[in-house]
Amino acid sequence: MLIRQILLGIIGVSSGLIVSAGVFTVLISVGLIPRFAGKMHVARKIFVLEEMVVFGTLFGGFFSVFSDWGKIGEFVRGHALFGQGATDGVWNLAGTVFLLIFGVFAGIFVGCLALAIAEMLNTIPVFARRIGFRHGLGIAILAVAIGKLVGSLLYFTQQVYLYGG
Amino acid sequence: MSTSNTTIYINAAQNVESQSEDVYVKDIGSLACSDEHVLAKVKAIKLHHFNEGEPKRQVISLLKVIQEIERICPGASVESIGEPDVLLEYIDVNKHKGPVQMIKLIFVAMISFFGTAFTIMAFHNDIGINDVFSKVYEMVMGQPGDGYGILELAYSVGLAAGIIVFFNHIGGRRITKDPTPIEVEMRIYEEDVNKALIATADREGKTIDVQ
(Lines give C-alpha, C1' and ligand atoms only; values in the text may rest on other atoms or scores of the structure.)
Protein backbone atom coordinates (compact mmCIF):
# COMPACT_ATOMS: atom_id res chain seq x y z
CA MET A 1 0.00 0.00 0.00
CA LEU A 2 2.71 2.40 0.98
CA ILE A 3 4.72 1.56 -2.11
CA ARG A 4 1.80 2.56 -4.32
CA GLN A 5 1.47 5.88 -2.53
CA ILE A 6 5.16 6.54 -3.04
CA LEU A 7 4.86 5.60 -6.70
CA LEU A 8 1.92 7.97 -7.15
CA GLY A 9 3.93 10.67 -5.44
CA ILE A 10 6.84 10.19 -7.82
CA ILE A 11 4.52 10.24 -10.83
CA GLY A 12 2.92 13.43 -9.56
CA VAL A 13 6.18 15.26 -8.99
CA SER A 14 7.58 14.22 -12.37
CA SER A 15 4.48 15.28 -14.27
CA GLY A 16 4.50 18.61 -12.47
CA LEU A 17 8.12 19.20 -13.42
CA ILE A 18 7.57 18.43 -17.09
CA VAL A 19 4.35 20.43 -17.38
CA SER A 20 5.89 23.49 -15.78
CA ALA A 21 8.92 23.18 -18.04
CA GLY A 22 6.61 23.09 -21.05
CA VAL A 23 4.60 26.12 -19.99
CA PHE A 24 7.61 28.26 -19.20
CA THR A 25 9.49 27.25 -22.31
CA VAL A 26 6.74 28.68 -24.47
CA LEU A 27 6.74 31.94 -22.55
CA ILE A 28 10.51 32.27 -22.66
CA SER A 29 11.05 31.37 -26.30
CA VAL A 30 8.36 33.76 -27.40
CA GLY A 31 9.95 36.48 -25.27
CA LEU A 32 6.63 37.74 -24.04
CA ILE A 33 7.49 39.08 -20.59
CA PRO A 34 10.63 40.89 -21.82
CA ARG A 35 8.51 42.55 -24.49
CA PHE A 36 5.99 43.74 -21.90
CA ALA A 37 8.79 45.00 -19.67
CA GLY A 38 10.61 46.71 -22.53
CA LYS A 39 7.54 48.42 -23.93
CA MET A 40 6.63 49.86 -20.53
CA HIS A 41 10.25 50.61 -19.63
CA VAL A 42 10.23 48.63 -16.39
CA ALA A 43 13.00 46.28 -17.42
CA ARG A 44 15.01 47.15 -14.30
CA LYS A 45 12.47 45.34 -12.15
CA ILE A 46 12.65 42.15 -14.14
CA PHE A 47 13.01 40.07 -10.96
CA VAL A 48 9.69 41.30 -9.66
CA LEU A 49 8.12 40.26 -12.95
CA GLU A 50 9.74 36.84 -12.72
CA GLU A 51 8.33 36.38 -9.22
CA MET A 52 4.92 37.42 -10.48
CA VAL A 53 5.03 34.83 -13.23
CA VAL A 54 5.96 32.09 -10.76
CA PHE A 55 3.36 33.13 -8.19
CA GLY A 56 0.68 33.48 -10.83
CA THR A 57 1.36 29.99 -12.10
CA LEU A 58 1.38 28.55 -8.59
CA PHE A 59 -1.81 30.40 -7.68
CA GLY A 60 -3.64 29.26 -10.80
CA GLY A 61 -2.30 25.73 -10.48
CA PHE A 62 -3.27 25.36 -6.85
CA PHE A 63 -6.78 26.66 -7.25
CA SER A 64 -7.50 24.71 -10.37
CA VAL A 65 -6.55 21.45 -8.68
CA PHE A 66 -7.86 22.19 -5.18
CA SER A 67 -10.86 24.25 -6.18
CA ASP A 68 -12.64 23.48 -2.91
CA TRP A 69 -10.08 25.62 -1.10
CA GLY A 70 -10.72 28.59 -3.37
CA LYS A 71 -14.39 29.04 -2.70
CA ILE A 72 -14.07 32.47 -1.19
CA GLY A 73 -17.43 33.72 -2.39
CA GLU A 74 -19.34 30.99 -0.57
CA PHE A 75 -17.22 31.60 2.52
CA VAL A 76 -18.00 35.31 2.61
CA ARG A 77 -21.69 34.90 1.93
CA GLY A 78 -22.04 31.95 4.30
CA HIS A 79 -20.41 33.70 7.20
CA ALA A 80 -21.94 37.12 6.37
CA LEU A 81 -18.58 38.76 6.93
CA PHE A 82 -19.80 42.30 6.26
CA GLY A 83 -22.91 42.16 8.33
CA GLN A 84 -26.16 40.39 7.65
CA GLY A 85 -27.76 42.62 5.06
CA ALA A 86 -24.80 44.29 3.46
CA THR A 87 -22.69 41.24 2.61
CA ASP A 88 -24.47 40.47 -0.64
CA GLY A 89 -24.19 43.97 -2.02
CA VAL A 90 -20.59 44.55 -0.91
CA TRP A 91 -19.40 41.20 -2.14
CA ASN A 92 -21.19 41.60 -5.46
CA LEU A 93 -19.27 44.82 -5.97
CA ALA A 94 -15.94 43.45 -4.76
CA GLY A 95 -16.37 40.28 -6.78
CA THR A 96 -17.24 42.20 -9.92
CA VAL A 97 -14.16 44.39 -9.56
CA PHE A 98 -11.92 41.38 -9.08
CA LEU A 99 -13.44 39.59 -12.07
CA LEU A 100 -13.02 42.71 -14.17
CA ILE A 101 -9.33 42.92 -13.33
CA PHE A 102 -8.79 39.20 -13.81
CA GLY A 103 -10.59 39.23 -17.16
CA VAL A 104 -8.86 42.29 -18.62
CA PHE A 105 -5.35 41.19 -17.78
CA ALA A 106 -5.90 37.58 -18.75
CA GLY A 107 -7.26 38.83 -22.08
CA ILE A 108 -4.28 41.13 -22.67
CA PHE A 109 -1.91 38.24 -22.03
CA VAL A 110 -3.69 35.75 -24.29
CA GLY A 111 -4.03 38.26 -27.12
CA CYS A 112 -0.34 39.14 -27.00
CA LEU A 113 0.71 35.51 -26.70
CA ALA A 114 -1.21 34.58 -29.84
CA LEU A 115 0.28 37.44 -31.82
CA ALA A 116 3.79 36.92 -30.46
CA ILE A 117 3.77 33.28 -31.55
CA ALA A 118 2.55 34.34 -35.00
CA GLU A 119 5.37 36.88 -35.09
CA MET A 120 7.97 34.35 -34.06
CA LEU A 121 6.94 32.30 -37.06
CA ASN A 122 7.45 35.37 -39.28
CA THR A 123 3.94 35.06 -40.69
CA ILE A 124 3.31 38.76 -40.98
CA PRO A 125 6.52 39.80 -42.78
CA VAL A 126 6.31 36.84 -45.16
CA PHE A 127 2.67 37.52 -45.91
CA ALA A 128 3.21 41.23 -46.39
CA ARG A 129 6.08 40.64 -48.77
CA ARG A 130 4.32 37.99 -50.86
CA ILE A 131 1.40 40.20 -51.73
CA GLY A 132 3.46 43.32 -52.18
CA PHE A 133 1.90 45.09 -49.25
CA ARG A 134 3.53 48.46 -48.78
CA HIS A 135 1.20 50.57 -46.67
CA GLY A 136 -1.62 49.90 -44.27
CA LEU A 137 0.02 47.31 -42.02
CA GLY A 138 -1.48 49.17 -39.08
CA ILE A 139 -4.96 48.62 -40.46
CA ALA A 140 -4.35 44.89 -40.71
CA ILE A 141 -3.22 44.69 -37.09
CA LEU A 142 -6.23 46.72 -36.01
CA ALA A 143 -8.43 44.28 -37.94
CA VAL A 144 -6.77 41.42 -36.06
CA ALA A 145 -7.45 43.06 -32.69
CA ILE A 146 -11.10 43.80 -33.51
CA GLY A 147 -11.54 40.34 -35.00
CA LYS A 148 -10.42 38.75 -31.76
CA LEU A 149 -12.72 40.97 -29.75
CA VAL A 150 -15.78 40.22 -31.86
CA GLY A 151 -14.98 36.51 -32.10
CA SER A 152 -14.60 36.19 -28.36
CA LEU A 153 -17.81 38.09 -27.61
CA LEU A 154 -19.74 36.03 -30.13
CA TYR A 155 -18.29 32.87 -28.62
CA PHE A 156 -19.62 33.66 -25.18
CA THR A 157 -22.96 35.21 -26.07
CA GLN A 158 -23.89 32.56 -28.61
CA GLN A 159 -22.64 29.85 -26.26
CA VAL A 160 -20.49 28.18 -28.85
CA TYR A 161 -18.87 26.17 -26.07
CA LEU A 162 -21.93 23.95 -25.97
CA TYR A 163 -21.10 22.67 -29.42
CA GLY A 164 -17.42 22.17 -28.81
CA GLY A 165 -15.14 19.25 -28.15
CA MET B 1 43.27 68.82 -62.39
CA SER B 2 45.05 65.95 -60.74
CA THR B 3 43.04 63.44 -58.87
CA SER B 4 45.85 61.63 -57.17
CA ASN B 5 46.18 61.85 -53.41
CA THR B 6 42.46 62.32 -52.92
CA THR B 7 40.59 59.69 -50.99
CA ILE B 8 36.98 58.96 -51.75
CA TYR B 9 34.92 57.26 -49.06
CA ILE B 10 31.90 55.31 -50.13
CA ASN B 11 29.27 53.95 -47.75
CA ALA B 12 27.15 51.63 -49.85
CA ALA B 13 23.73 50.43 -48.77
CA GLN B 14 22.73 46.78 -48.85
CA ASN B 15 19.55 47.37 -50.79
CA VAL B 16 18.80 50.25 -53.15
CA GLU B 17 15.41 50.90 -54.68
CA SER B 18 15.60 53.01 -57.77
CA GLN B 19 12.64 54.74 -59.33
CA SER B 20 14.38 55.45 -62.61
CA GLU B 21 15.97 53.06 -65.06
CA ASP B 22 19.45 54.49 -64.68
CA VAL B 23 21.48 53.88 -61.57
CA TYR B 24 24.33 56.21 -60.71
CA VAL B 25 26.98 56.01 -58.02
CA LYS B 26 25.13 58.62 -55.97
CA ASP B 27 22.15 56.26 -55.73
CA ILE B 28 23.92 53.34 -54.15
CA GLY B 29 25.09 55.07 -51.00
CA SER B 30 26.68 58.14 -49.54
CA LEU B 31 30.03 59.52 -50.64
CA ALA B 32 32.57 61.76 -48.99
CA CYS B 33 35.62 63.41 -50.45
CA SER B 34 37.59 66.49 -49.59
CA ASP B 35 37.71 67.57 -53.21
CA GLU B 36 34.33 68.74 -54.49
CA HIS B 37 35.10 68.42 -58.19
CA VAL B 38 36.11 64.81 -57.78
CA LEU B 39 33.04 64.15 -55.68
CA ALA B 40 30.71 65.57 -58.32
CA LYS B 41 32.41 63.57 -61.05
CA VAL B 42 32.19 60.32 -59.11
CA LYS B 43 28.55 60.82 -58.20
CA ALA B 44 27.56 61.11 -61.84
CA ILE B 45 29.14 57.82 -62.95
CA LYS B 46 26.44 55.60 -64.42
CA LEU B 47 26.58 52.03 -63.13
CA HIS B 48 23.65 50.20 -64.61
CA HIS B 49 20.68 50.68 -66.89
CA PHE B 50 17.54 48.60 -66.47
CA ASN B 51 16.28 47.68 -69.93
CA GLU B 52 12.79 46.52 -70.76
CA GLY B 53 12.46 42.79 -70.35
CA GLU B 54 15.49 42.43 -68.11
CA PRO B 55 14.98 41.29 -64.53
CA LYS B 56 14.21 44.14 -62.20
CA ARG B 57 16.87 43.08 -59.71
CA GLN B 58 20.62 43.20 -60.07
CA VAL B 59 23.48 42.64 -57.68
CA ILE B 60 26.53 44.78 -58.21
CA SER B 61 29.82 44.21 -56.44
CA LEU B 62 31.49 47.22 -54.90
CA LEU B 63 34.73 46.14 -56.53
CA LYS B 64 33.18 46.99 -59.89
CA VAL B 65 32.19 50.40 -58.58
CA ILE B 66 35.72 51.03 -57.39
CA GLN B 67 37.05 49.97 -60.77
CA GLU B 68 34.72 52.45 -62.51
CA ILE B 69 35.76 55.24 -60.16
CA GLU B 70 39.44 54.59 -60.74
CA ARG B 71 38.85 54.61 -64.48
CA ILE B 72 37.26 58.05 -64.33
CA CYS B 73 39.55 59.47 -61.64
CA PRO B 74 42.92 57.79 -61.98
CA GLY B 75 45.12 57.85 -58.92
CA ALA B 76 42.36 58.50 -56.45
CA SER B 77 42.05 55.95 -53.70
CA VAL B 78 38.68 54.61 -52.71
CA GLU B 79 37.73 53.38 -49.25
CA SER B 80 34.62 51.33 -48.74
CA ILE B 81 33.00 51.62 -45.35
CA GLY B 82 29.63 50.08 -46.19
CA GLU B 83 28.35 46.92 -47.77
CA PRO B 84 30.54 44.93 -50.19
CA ASP B 85 27.61 44.07 -52.50
CA VAL B 86 24.66 46.22 -53.44
CA LEU B 87 21.25 44.87 -54.45
CA LEU B 88 19.64 47.16 -57.01
CA GLU B 89 15.91 47.04 -57.49
CA TYR B 90 13.87 48.92 -60.04
CA ILE B 91 10.56 49.83 -58.47
CA ASP B 92 7.68 51.19 -60.46
CA VAL B 93 5.98 53.29 -57.80
CA ASN B 94 2.93 54.11 -59.88
CA LYS B 95 1.97 50.48 -59.86
CA HIS B 96 1.31 50.79 -56.14
CA LYS B 97 -1.13 53.66 -56.09
CA GLY B 98 -4.80 53.79 -56.77
CA PRO B 99 -7.75 51.50 -56.30
CA VAL B 100 -5.78 48.26 -56.59
CA GLN B 101 -3.95 49.14 -53.39
CA MET B 102 -7.22 49.80 -51.60
CA ILE B 103 -8.66 46.50 -52.76
CA LYS B 104 -5.57 44.65 -51.58
CA LEU B 105 -5.85 46.41 -48.23
CA ILE B 106 -9.51 45.45 -47.84
CA PHE B 107 -8.67 41.87 -48.82
CA VAL B 108 -5.97 41.56 -46.18
CA ALA B 109 -8.05 43.35 -43.53
CA MET B 110 -10.91 40.92 -44.11
CA ILE B 111 -8.64 37.90 -43.88
CA SER B 112 -7.21 39.25 -40.64
CA PHE B 113 -10.63 40.06 -39.21
CA PHE B 114 -12.51 36.85 -40.00
CA GLY B 115 -9.51 34.62 -39.66
CA THR B 116 -8.63 35.73 -36.20
CA ALA B 117 -12.28 35.73 -35.09
CA PHE B 118 -12.57 32.12 -36.17
CA THR B 119 -9.19 31.19 -34.70
CA ILE B 120 -10.00 32.63 -31.30
CA MET B 121 -13.34 30.77 -31.28
CA ALA B 122 -11.67 27.49 -32.16
CA PHE B 123 -8.96 28.13 -29.57
CA HIS B 124 -11.57 28.74 -26.88
CA ASN B 125 -13.37 25.53 -27.77
CA ASP B 126 -10.11 23.67 -27.65
CA ILE B 127 -9.09 24.89 -24.21
CA GLY B 128 -12.56 24.66 -22.68
CA ILE B 129 -12.46 28.24 -21.53
CA ASN B 130 -16.05 28.19 -20.39
CA ASP B 131 -15.23 25.67 -17.64
CA VAL B 132 -12.39 27.81 -16.38
CA PHE B 133 -14.41 31.02 -16.35
CA SER B 134 -17.48 29.50 -14.69
CA LYS B 135 -15.29 27.92 -12.04
CA VAL B 136 -13.53 31.22 -11.37
CA TYR B 137 -16.86 33.04 -11.28
CA GLU B 138 -18.29 30.54 -8.85
CA MET B 139 -15.24 30.64 -6.62
CA VAL B 140 -15.21 34.41 -6.42
CA MET B 141 -18.90 35.28 -6.33
CA GLY B 142 -20.20 32.28 -4.42
CA GLN B 143 -23.08 31.87 -6.84
CA PRO B 144 -23.09 30.14 -10.18
CA GLY B 145 -22.95 32.47 -13.13
CA ASP B 146 -25.07 32.45 -16.26
CA GLY B 147 -22.51 31.89 -18.99
CA TYR B 148 -21.63 35.44 -19.91
CA GLY B 149 -20.92 38.29 -17.59
CA ILE B 150 -18.32 40.77 -16.58
CA LEU B 151 -15.51 38.24 -16.66
CA GLU B 152 -15.98 37.24 -20.28
CA LEU B 153 -16.56 40.82 -21.39
CA ALA B 154 -13.45 42.08 -19.62
CA TYR B 155 -11.43 39.22 -21.11
CA SER B 156 -12.58 40.05 -24.63
CA VAL B 157 -11.75 43.72 -24.21
CA GLY B 158 -8.39 42.73 -22.79
CA LEU B 159 -7.65 40.63 -25.90
CA ALA B 160 -8.03 43.66 -28.16
CA ALA B 161 -6.35 46.09 -25.77
CA GLY B 162 -3.28 43.90 -25.38
CA ILE B 163 -2.74 43.63 -29.12
CA ILE B 164 -3.24 47.35 -29.67
CA VAL B 165 -0.97 48.45 -26.83
CA PHE B 166 1.87 46.01 -27.21
CA PHE B 167 1.89 45.79 -30.96
CA ASN B 168 1.65 49.54 -31.12
CA HIS B 169 -0.81 50.18 -33.87
CA ILE B 170 -3.98 52.20 -33.70
CA GLY B 171 -5.00 52.61 -37.30
CA GLY B 172 -1.93 54.13 -38.85
CA ARG B 173 -0.74 56.14 -35.89
CA ARG B 174 1.69 55.04 -33.25
CA ILE B 175 1.78 55.44 -29.52
CA THR B 176 5.55 55.79 -28.98
CA LYS B 177 8.51 56.63 -31.18
CA ASP B 178 10.07 53.16 -31.10
CA PRO B 179 9.77 50.99 -34.17
CA THR B 180 6.94 48.59 -33.51
CA PRO B 181 7.84 44.93 -33.01
CA ILE B 182 6.26 44.09 -36.34
CA GLU B 183 8.40 46.70 -38.10
CA VAL B 184 11.52 45.30 -36.47
CA GLU B 185 10.57 41.82 -37.63
CA MET B 186 9.94 43.08 -41.14
CA ARG B 187 13.32 44.79 -41.36
CA ILE B 188 15.08 41.69 -40.06
CA TYR B 189 13.25 39.54 -42.59
CA GLU B 190 14.07 42.00 -45.35
CA GLU B 191 17.76 41.86 -44.46
CA ASP B 192 17.69 38.08 -44.54
CA VAL B 193 16.05 38.11 -47.95
CA ASN B 194 18.62 40.59 -49.29
CA LYS B 195 21.51 38.49 -48.04
CA ALA B 196 19.97 35.40 -49.63
CA LEU B 197 19.47 37.23 -52.95
CA ILE B 198 23.04 38.49 -52.94
CA ALA B 199 24.40 35.02 -52.18
CA THR B 200 22.26 33.43 -54.89
CA ALA B 201 23.31 35.98 -57.49
CA ASP B 202 26.91 35.34 -56.59
CA ARG B 203 26.53 31.60 -57.04
CA GLU B 204 24.71 31.92 -60.33
CA GLY B 205 27.35 34.28 -61.63
CA LYS B 206 24.87 37.08 -62.25
CA THR B 207 26.67 39.69 -60.16
CA ILE B 208 28.12 42.67 -62.00
CA ASP B 209 31.71 42.15 -60.95
CA VAL B 210 35.26 42.77 -62.04
CA GLN B 211 36.50 40.14 -64.53
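Colleague: In S7(B), which residue is the bridge partner of Thr7(B)?
Modeller: Bear in mind that this is a predicted model. Strand S1 of chain B, residues 7–12, pairs with S7(B) in the parallel sense, over 4 bridges. In S7(B), the partner of Thr7(B) is Ser77(B).

Colleague: And in what order do the strands of that open sheet of chain B with S1 and S7 run?
Modeller: The sheet has 3 strands with mixed pairing. S4 (29–33) and S7 (77–80) of chain B have a single partner strand each, so they stand at the edges and one side of each is left without a neighbour in the sheet. Neighbouring strands are turned by 20° against each other on average, direction ignored. The order is S4-S1-S7.

Colleague: What angle does helix H1 of chain B make with S4(B)?
Modeller: H1(B) covers residues 36–43 and lies across S1 and S4 of chain B. Helix H2 of chain B, residues 62–72, packs on the sheet too, touching S1 and S7, and its direction makes about 155° with that of S7(B). For H1(B) against S4(B), the angle is about 155°.

Colleague: Which residue of S8(B) stands opposite Glu17(B)?
Modeller: S2(B) and S8(B), the latter spanning residues 85–90, run parallel and are joined by 4 bridges. Opposite Glu17(B) stands Glu89(B).

Colleague: How many helices and strands does chain A have?
Modeller: From the N terminus on, its elements run α-α-α-α-α-α-α. Chain B, by comparison, comes to 6 helices and 8 strands. For chain A the tally is 7 helices and 0 strands.

Colleague: What share of the residues of chain B count as buried?
Modeller: In chain A, buried residues make up 21% of the 165 residues. Chain B has 211 residues. Among its contacts between residues at least 6 apart in sequence, 64% join residues at least 24 apart. The buried share of chain B is 27%.

Colleague: Is Thr57(A) buried or partly exposed?
Modeller: Thr57(A) lies in helix H3 of chain A, residues 46–65. Its C-alpha atom is separated by 9.6 Å from that of Phe24(A), 33 residues apart along the chain. A buried residue needs 20 or more other C-beta atoms within 10 Å. With 14 of them within 10 Å, Thr57(A) is partly exposed.

Colleague: Over to the contact between the chains: which helix supplies the largest share of the side of chain A that touches chain B?
Modeller: The contact takes 62 residues from chain A and 51 residues from chain B. On the side of chain A, H2 (32–39), H4 (72–79), H5 (86–120), H6 (123–130) and H7 (137–157) each supply at least two residues. The largest share, 20 residues, comes from H7(A).

Colleague: How is H7(A) oriented relative to H5(B), roughly parallel or roughly antiparallel?
Modeller: H5(B), residues 150–166, packs against H7(A) at an angle of about 170°, with the axes 8 Å apart. Among the residues making the contact are Leu149(A) and Phe156(A) of H7(A), and Tyr155(B) and Ile163(B) of H5(B). By class, the residues of this contact divide into 13 nonpolar, 2 polar and 2 charged. Since angles over 145 degrees count that way, H7(A) and H5(B) are roughly antiparallel.

Colleague: In what kind of crossing does H7(A) pass H3(B)?
Modeller: H7(A) and H3(B), residues 99–127, pack at about 35° with their axes 7 Å apart. The contact includes Ala143(A), Gly147(A) and Gly151(A) of H7(A), and Phe113(B), Ala117(B) and His124(B) of H3(B). It has 16 nonpolar, 6 polar and 1 charged residues. The crossing is right-handed.

Definitions and conventions
Residues numbered from 1 in each chain as written. Chains lettered and ligands numbered in written order. Predicted model: local features only at pLDDT ≥ 70, side-chain atom pairs only at ≥ 80, totals over all residues. Contact = placed C-beta atoms within 7 Å. Pairing = 2+ DSSP bridges. Axes fitted to C-alpha atoms, helices over the stretch in contact; angles between N-to-C directions. Parallel < 35°, antiparallel > 145°, perpendicular 65-115°, else oblique. Nonpolar A, V, L, I, M, F, W, Y, C, P; charged D, E, K, R; others polar. Buried ≥ 20, exposed ≤ 12 C-beta atoms within 10 Å, placed from the backbone. Left-handed = near helix turned anticlockwise from the far one by under 90°.
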